[in-house]
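Dear colleague,

I am passing on the structure below, and I would be grateful if you could look through it alongside the notes that follow.

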Amino acid sequence: MSRIRDLSVATLGAVSVIAIAASGAVAQSGEVNVYTYRETKLIQPLFDAFTKDTGVKVNVISASSGLEQRIKTEGANSPADVLLTVDIGRMDDAVKAEVSQPIKSAKLDEIVPPRFRDPDGHWYGISMRARVVYASKERVKQDTISYEELADPKWKGKICIRSGQHIYNNALFAAYVAKYGEAKAEEWIKGLKANLAQKPSGGDRETARDIAAGKCDIGIANTYYWALMTNVEADKKPWAEATKVILPTFAGGGTHVNLSGVMLAKNSPNKANAMKLIEWLADDNAQKIYADMNYEYPIKAGIALNPTIAAYGRLNPDALPISKIAENRKAASTLVDKVGFDN
Amino acid sequence: MSSQARSIASRAAERFASTLAILTGIAVVAPVVSIALTAMQPVSDLWPHLLSYVLPRATLDTALLLLGVGTLATALGVGAAWTISSYDFPGRSSLIWLMPLPLAIPTYIGAYVYADIFEPLGVAHRVLSLGLPPQPALALLPGVRSLAGAIVIIGLVLYPYVYLSARAMFQTQSAEFAEAARLLGARRWQEFVRVSLPMARPALAVGLALVLLETLNDIGASEYLGVRTLTVSIFTTWLNQGSLAGAAQISCLMLFAVVALVLLERYGRRLRAFAAAAESPRIAERTQLRGAARWAACGLCFMPPLFGFAVPFVYLACESIQRSLIDGIDAALLQAAGNSIVLAATATAIVLLLGLTANVANRWRGSASTAASLGASQAGYAVPGLILALGLLTPLVALDNIVNAVARSIGATAPGLLIAGSSAAVVIAYSIRFMAVATGLTQAGFERIPRDYDDSAKVSGASEWTCVRRIYLPLLRPALWGAAILVFVDCLKELPATLLLRPLNVETLSTSIYQFASRGSFEQGSLAALLIVAASIVPVVWLTRFADVPNGPA
């Protein structure tokens, strides 16, 4: 009797697994399969709008790392059509893993400025975020700051930041390496380290929190967190209210930005739909959603910024091509280890 | 049945069990081999950098973290298991099911919750600020984002591994040992230190190994709390240095270290036997505590589940209530809960069955190959989950490609990625990852079953199946229940492999939490976290009820 019960439980289990598997069935007509580093919950409104506009269904897998390895291993049978990333580093990894193919689109070339796309067309930026300074409203009087200045001893014991190996900081440090070379960058990272109020940890929100609590006066974080805390996360609003956002610049340059980008998978089984989605993401409808729901800077000229973001002041992205940042990621990571930034 | 037919049948049973055991070993080792192959690829200038700047520090931090967590988890787990198994005191019956509950709290959730409580402007700071100005209150806060913070938080949620394995041993402890010890004049604590603890060593080793491996492979909590462990450097090497081969090499070194430690521990107890005496099925009775002692026992035993479970649970519940009032409950979340439970339950069934088979095979026909399979089946736990998932993809896709080639050769439509592209990949990953839990706990249980029982069964003509059903299963019951709880809850919590291997459009509870946690606002995922806890409580409570041995002569 109990054996029959066990068997039926096992069968039920097997059937349910198959049912789950079937719900993820792939590669039918009228579909596009997206592998994304941007979380499903954040990007679902975009996909819903796309499906409404075009009738094409979007299937999604989101993960925090390893998607390009998955596509690479899946090989010729990979269901992946489009890869969405939130950072230049992952795009670079995907190009190196040879899982992408060049996107050929006159429309995209018109919308996306050359420095925000791959010279060979393997990736296109579709929205931007800047890595900026959050400063205590109470204790920091100045309203401008340079990245170079963050290593100035006047900030000794006053700066908070998350791990130097986090992709956001890695890209910022890589930009510094690209602009000034490794020796100068090492000096700067050392100087910044010497100014830290505490060992790097937590995330960008914790940086605002620590400033609000008086643990430090300034911190380095991405533009959208402040907007989210102000507009969406009621319990964190006090953290944002105690701080102001300053858009720093490189001496004689602009503000460091990172890209959310889009790539076309090498063996894309639904290429026509993939191209439809890629072009749609760069167009008005999607760009407005990026601006208003994700609090990012749209890549397309002429799309209105979200008012909270606009209030930071006018963003002048640094002229350094994003692909140069990707090239110096490894050097930046090595320097962070070398100066013991995270220790 | 003639005796000849019976002996053929029994040989077939033995052969079947050992074949299955060896296949299990191979399946678990496959992703590790694939990782090792990746590690063979040349890396140019990585190692001088790693050796001078990364590994010394990472190794030290990892060692301190393991030492701290191991000590705390052992103290809490063994202390509570001994007290609950040896004494009767108020609250004991509630503690039996409360004690394993911290298992339901993923380490990274524990880290977020405690950081939020004790960080500046958190609950603790606000309470202190009632009587103090904000700045002095700030100075009083413990630094949760630190090595010490990580040790306490991880230790508090992982001690149940030690507790469950220790309790399975203590409660089936034979009365004779205790009585012999006391006749020789030993006091209760001496009996504990000199008799019960050494007798429970195989099980404790397994429980502690699980705690240490879980800690070693943790990435979410350590990274958030700012502890730069070896696992954190594996990820940095892979993602920022762009060297998957280098990451695989560090993983392999870590695996070697783990294997060496496990072998060393086994070697240390090679000449000892831990089986209970065959003649003595009588189980030690619990002592009724009196006076202050009973309240002390009650108070001390409630501490671990209070901080390991109740505090995070209440925190998550408050956050969920606040947020569901605002946002309502998401139907997709219930779907995710269903997915989680089905995937975890399927994997648990597979893991228990294979883990038991591997042990039975080794007991019946202990050969080099069955022993090796048993050892090999523990490898999945010694590698970080995401690296294991990456390693698993290669063999899975290879299998799929064979299926596709066969389909094409007979003119059928190629089915695509049948295994790698479906939930089967997730179930296989869970099974491989958590096989160590089932084989380890079952093995420790088997070591306590006297060989005499097998011999008696054989002499009286019982078949192999009867032996399993009438002797092993009843005696292994506490160990198997413990393993089932651990595996099921581990599967529910598993994040990195689930994230990378799940098919399109499939979310589980843990991936739902990640959706928020990765953006740094994990409180929005508290309802999903609460559902993991809820889904874990039911089996934990249900199974521990069965696992308690009634007091009095058996």
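Tyr312(A) is partly exposed, with 18 other C-beta atoms within 10 Å (a residue is buried if 20 or more other C-beta atoms lie within 10 Å of its own, exposed if 12 or fewer, and partly exposed in between, with C-beta atoms placed from the backbone). The model is a predicted one, in which local features need pLDDT of at least 70 and side-chain atom pairs count only at pLDDT 80 or more, while totals for chains, interfaces and linings use all residues. Residues are numbered from 1 along each chain as its sequence is written, and chains are lettered from A and ligands numbered from 1 in the order in which they are written.

Tyr312(A) sits in the loop between helix H13 (307–310) and helix H14 (322–327) of chain A, where helices (H or I, at least four residues) and strands (E, at least two) are DSSP runs numbered from the N terminus. Leaving aside neighbours within four places in sequence, Tyr312(A) is in contact with Thr223(A), Val245(A) and Leu247(A), contact meaning that the C-beta atoms, placed from the backbone, lie within 7 Å. Although Leu247(A) is 65 residues apart from Tyr312(A) along the chain, their C-alpha atoms are separated by 7.0 Å.

For chain A, the domain assignment (automatic or from a database) gives domain 1 (28–127 + 257–305) and domain 2 (130–256 + 315–338). The C-alpha centres of these two domains of chain A lie 27 Å apart, and 16 residues of domain 1 are in contact with 20 residues of domain 2. On the domain 1 side that touches domain 2, helix H4 (88–96) and strand S9 (257–265) of chain A each supply at least two residues.

Not counting residues up to four places away in sequence, Val487(B) touches Thr348(B), Val351(B), Leu352(B), Phe434(B), Val437(B) and Ala438(B).

Chain B contains 23 helices and 2 strands. Buried residues make up 55% of its 554 residues, and among contacts in chain B between residues at least 6 apart in sequence, 83% join residues at least 24 apart.

Key. Two residues are in contact if their C-beta atoms, placed from the backbone, lie within 7 Å.
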